[in-house]
Amino acid sequence: MVQAVELNYEVTGEANAERATVVLIHGLFGDLDNLKSISRELQENYQVVNIELRNHGDSPWCETMTFIEMAADLEALLDKLKLDKAHILGHSLGGKVAMEFALEHPDRVHSLVIADIAPVAYDARHNTILDALEAVDISNVNSRQDADKALAESISEKGVRQFLLKNLQKDGDKWVWRMNLEGLRNCYEDLIGAPAQKGEFDAPVLFIRGGDSDYIQTQHRDAILSRFPQAESKTIAGTGHWLHAEKPSVFNGLVERFLEQHFPLNDE
């Protein structure tokens, strides 16, 4: 039996019979703040639940984090919040978790929004980042600038470093990582794998890809439609993998229009 853990989460927007719930799931190395832009936009009309995956943020650190386990974590949270059904939006790794959950529990999902990820296995793209994070001598870090300087030896993109450094926090007189680096490294082969290989989610699904990203490709079409026959796709030109952060107004608009099109608010 899969052992679920109690995830850290944040709820915004008021819940009532007319307001559906949208669950937001960040990507690898992320936390609650990653999807705050779409969260703020949606909370006017929906209850929004922002979660932190195991081994991220303030959620429990675990030795394993398969998609089945992370789907079980999400199921346990929905049960705790007494939510029979929700819309789920996930970016990157969070998108894979969302897909796994929908394929396992299609009766508990109104719709999916998947940001720049496909239900396929990927090459190991994050080894450089993992190596750079592990190379930081955290015991000798006295400021964020120290950590940034150490990361800069391997990661030239300032935006990537700033994103990673959101995981650095002060604990008393020392700095610590909020993510379980050892756990992420040990589980990395699972994380770059494909979500559920069986099942079908025959409800509305929107895949949003970055125009400059190669995470969703034409060759992934069959893998997507075999599991999500109602899937539609949109591309945001001039954005990479972090499309929701690069062009938030465009991303937010696509999400809101998709939800309203398939689930008009006055019918919820």
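Three aromatic pairs are present in this structure, which is a predicted model. To begin the tour, select F163 and W242. Their rings form a tilted aromatic pair, with 4.5 Å from centre to centre and 55° between the planes. Now extend the selection to the surrounding elements. F163 belongs to helix α6 (residues 158–165), while W242 sits in the loop between β9 (231–236) and α10 (243–246), so the pair ties together parts that are 79 residues apart in sequence.

Next, select helix α2 (residues 67–80) and helix α3 (residues 93–104). These helices pack at an angle of about 75°, and their axes are 9 Å apart. Because angles of 65 to 115 degrees count as roughly perpendicular, α2 and α3 are described as roughly perpendicular to each other. To view the contact itself, display the side chains of F67, I68, M70, A71, L74, E75 and L78 on α2, together with L93, K96, V97, E100, F101 and E104 on α3. Colouring this contact by class gives nine nonpolar residues, four charged residues and no polar ones.

A search of the whole structure finds one cavity of 30 Å³ or more, and the largest cavity holds about 130 Å³ of space. Centre the view on S92, K96, H126, L191 and I192, which lie nearest the centre of the cavity among its 13 lining residues. K96 also takes part in the contact of α3 with α2.

Conventions
Residues numbered from 1 in each chain as written. Predicted model: local features only at pLDDT ≥ 70, side-chain atom pairs only at ≥ 80, totals over all residues. Heavy atoms only, no water. Axes fitted to C-alpha atoms, helices over the stretch in contact; angles between N-to-C directions. Helix = DSSP H or I, 4+ residues; strand = E, 2+ residues; numbered from the N terminus. Parallel < 35°, antiparallel > 145°, perpendicular 65-115°, else oblique. Contact = heavy atoms within 4.5 Å. Nonpolar A, V, L, I, M, F, W, Y, C, P; charged D, E, K, R; others polar. 1 Å grid on protein atoms, 1.4 Å probe; cavity = no way out; pocket = protein on both sides within 12 Å on 5 of 7 lines; lining within 4 Å. Points joined across faces, edges and corners; volume = space filled by probe spheres on them. Phe/Tyr/Trp six-rings, centres within 6.5 Å; stacked < 30°, edge-to-face > 60°.
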